[in-house]
There are 2 protein chains.
Amino acid sequence: MRIAILGGDGFIGWPTTLHFSNLGHDVAIVDNLSRRWIDAELGVQSLTPMDSIQERVRVWRQASGHSLGFEHIDVAQDYERFKAWLGAWRPDAVVHFAEQRAAPYSMKSDHHKTYTVNNNVNATHNLLNALVAVDLDAHVIHLGTMGVYGYTTAGASIPEGYLSVDVTLDDGSKMPREILYPPDAGSIYHMTKCLDQLLFQFYAKNDRLRITDLHQGIVWGTHTDQTRRHPQLINRFDYDGDYGTVLNRFLIQAALHHPLTVHGTGGQSRAFIHIQDSVRCVEIALRNPPERGERTKIFNQMTEVHRVRDLANLVAELTGAEVAHVPSPRQEAAENDLAVQNRQFLALGLDPIKLQDGLLAELVDIARKFIHRVDRSRIPSTSAWTRDIAAKLVTRMEEMQVVRNGSR
Amino acid sequence: MRIAILGGDGFIGWPTTLHFSNLGHDVAIVDNLSRRWIDAELGVQSLTPMDSIQERVRVWRQASGHSLGFEHIDVAQDYERFKAWLGAWRPDAVVHFAEQRAAPYSMKSDHHKTYTVNNNVNATHNLLNALVAVDLDAHVIHLGTMGVYGYTTAGASIPEGYLSVDVTLDDGSKMPREILYPPDAGSIYHMTKCLDQLLFQFYAKNDRLRITDLHQGIVWGTHTDQTRRHPQLINRFDYDGDYGTVLNRFLIQAALHHPLTVHGTGGQSRAFIHIQDSVRCVEIALRNPPERGERTKIFNQMTEVHRVRDLANLVAELTGAEVAHVPSPRQEAAENDLAVQNRQFLALGLDPIKLQDGLLAELVDIARKFIHRVDRSRIPSTSAWTRDIAAKLVTRMEEMQVVRNGSR
């Protein structure tokens, strides 16, 4: 099968690329290398050393015998070039990771909000628009987020994309309807994924595009079977306050013998999935496309739910680290319950890697191994959701000396 | 009050500007003049002669004694200049019409889809983003569309923006929830207004912006009390296949003694409102802003519902014109029922102008008066929703000689 991976230079894009290449598919990466530019902008880098994409492609060919294509195209900004490439190469499937994916980065300033909206909406729309324009029936697999589910109802687990409701008619009787789950995003980044859903809804209906949307939890872990095959194939490990997920930052803090900084009470429940499972899920989605004319197929791509404070305790037990509470930069409920349905992937054969089982390897193989590369001033999350929160946050962090004075 | 009108050079923007100026408000138009550029692109023009915005501003000052500001800024493309202006002028309210507003134009080609998404999403997001960035609590009044309500349920009238539903909990019990009406757009243009709703939802929640969204029906009529005050203050009258609404095209066909071309069976039900009422509704919305921290306030801005074939018959009775059926360029149900709630505006004092009462004046004062300016080849709607529909449409239209061969 011929598969295009938009954003194939990124954290999930790269192992997905290797996974499909390893299975014998003909894979091409399309990427504007924005993740590398953002590293440069923020003055941060992956804890694991990142070679250029061209070098990684070369190493993969040596290690596996498989060639990868690489097209340096900005899908969001350069519609015409992307369309020309798509119409010429004509992939059977397009996996779409070409979006800015960090909530804190999206809230950093008005410039970052504009960038995130513009980049993400146009990347998704340009893909759908180009498929119709070149008359290509390729299966689109998109990385969404659990964060599109905002309106959680206590006592109701989150279904996979669609919600069954009863609507009251004018005569007072009730009629069942199934609707796209009502979105209520918690950040500009999450909002762009809600916008994506409406783009998919329209193009699936009007142009009968075949689209799968994967609402993913927080991904943890670094290695997949393929990234382990050579040191230069290693995946990114982001630990900074914008791109580092909560678990990565705990692991780094533990490796530094620094207290684990928990936002607020740490009562926020989050869904998680290991990078290896994430890649397998994309493969399962690829093998189970929707029919032409069918609505967008939506999976919840997550395997377990944890509260942030429980996660901190887990890392603390493993390492002896202490736990410290700091103000949250986010505007959200301090405590929330989260129950998520993920029956579809389990029914299709996913056998999840558990956090409890994989954490130690992540600590030893990644965090401790590369800890000499860390810039500890970059660990705290300082991108605040509002001006008021920002003011409180800076004061408190400076008191705690979590942020060194003047380092922002 | 200091009021900014984004898109104040357009069809509703202009009479809204004059209406608020006439009430003694300090009004500034912000416009990129895109509607004039699109006229140039399509090779069409308003049936009524349009002077430049600068000239219209000058004539209004002579006629009324009131000055108007005019800022030539592209809100979608030039965030920084818009933000600087907004932060300096600091309006109390911003009325936002700065979007591409024709469904057929949005479906014309992949270029027009990209333009519409890019322009509309960025215009709305740049406004919200800039208000937060310059810390301005101005009331945002946005022109939405009845077209965001896609999932209509037979037997249930369309509520004003929010739908009450029952959600089933995991234990089988039901819980009532009020959700944003599930959107299901019929065109790229309509979809952008669905995206806008999610932008509003986020900024109302995260930044407590005060936002009113007006889901408007098809606007008919040309004059308001102010546009009547001088020939050079006259409003646009679009009759072309992209920007002309169904009623305008019927009036022009009748004035030309040409059959009225009805798409399909003409069984599509549409909501309508007169331009004078539209302007009054914006004023009512201005006087009734939401509280800070309140969710987006949504009104249905329409006063009556008609099927397209009934509208054709109404014009036919008035003028003796014949009715002809042509294939529809749109992908939609041939027949639909539409019942819309509009209690809020009626409760706040709106006394609607009825189509039945105003049609004759529109025919005499506008269509017949300016008919010498018409280009009859521009009347048919030829922007098709899919490639298949386009093929059928061209064949049938050429058979009927509605489109002259070669004129496309």
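1. Chain A is built from 13 helices and 14 strands; helices (H or I, at least four residues) and strands (E, at least two) are DSSP runs, numbered from the N terminus. Its radius of gyration is 21 Å, close to the 22 Å that the globule rule gives for 408 residues, so chain A is as compact as a globular protein of that length. The radius is taken over C-alpha atoms, and the rule is 2.2 Å times the number of residues to the power 0.38. Along the principal axes, the C-alpha atoms of chain A fill a box of roughly 65 × 60 × 40 Å.

2. A word on conventions: this is a predicted model, where local features need pLDDT of at least 70 and side-chain atom pairs count only at pLDDT 80 or more, while totals for chains, interfaces and linings use all residues. Residues are numbered from 1 along each chain as its sequence is written, and chains are lettered from A in the order in which they are written.

3. How far can you trust it? The predictor's confidence in each residue, pLDDT, runs from 0 to 100; its mean over chain A is 94, and 98% of the residues of chain A reach 70 or more. Please treat residues 403-408 of chain A separately, as pLDDT stays under 50 there. The model scores ipTM 0.95 and pTM 0.95.

4. Of the 408 residues of chain A, 54% are buried (20 or more other C-beta atoms within 10 Å of a residue's own, with C-beta atoms placed from the backbone).

5. Now the pair. The same surface serves both copies, as 100% of the contact residues of chain B recur in chain A; a contact means C-beta atoms, placed from the backbone, within 7 Å.

6. Which residues make up the contact? Chain B gives 46 residues and chain A gives 46 residues. On the side of chain B that touches chain A, α6(B) gives the most, with 12 residues.

7. Do look at the strands across the contact: β6 (residues 162-168) of chain A and β6(B) pair in the antiparallel sense over three bridges, where pairing takes at least two DSSP bridges. Val165(A) has Val167(B) as its bridge partner in β6(B).

Technical notes
Contact = placed C-beta atoms within 7 Å. Buried ≥ 20, exposed ≤ 12 C-beta atoms within 10 Å, placed from the backbone.
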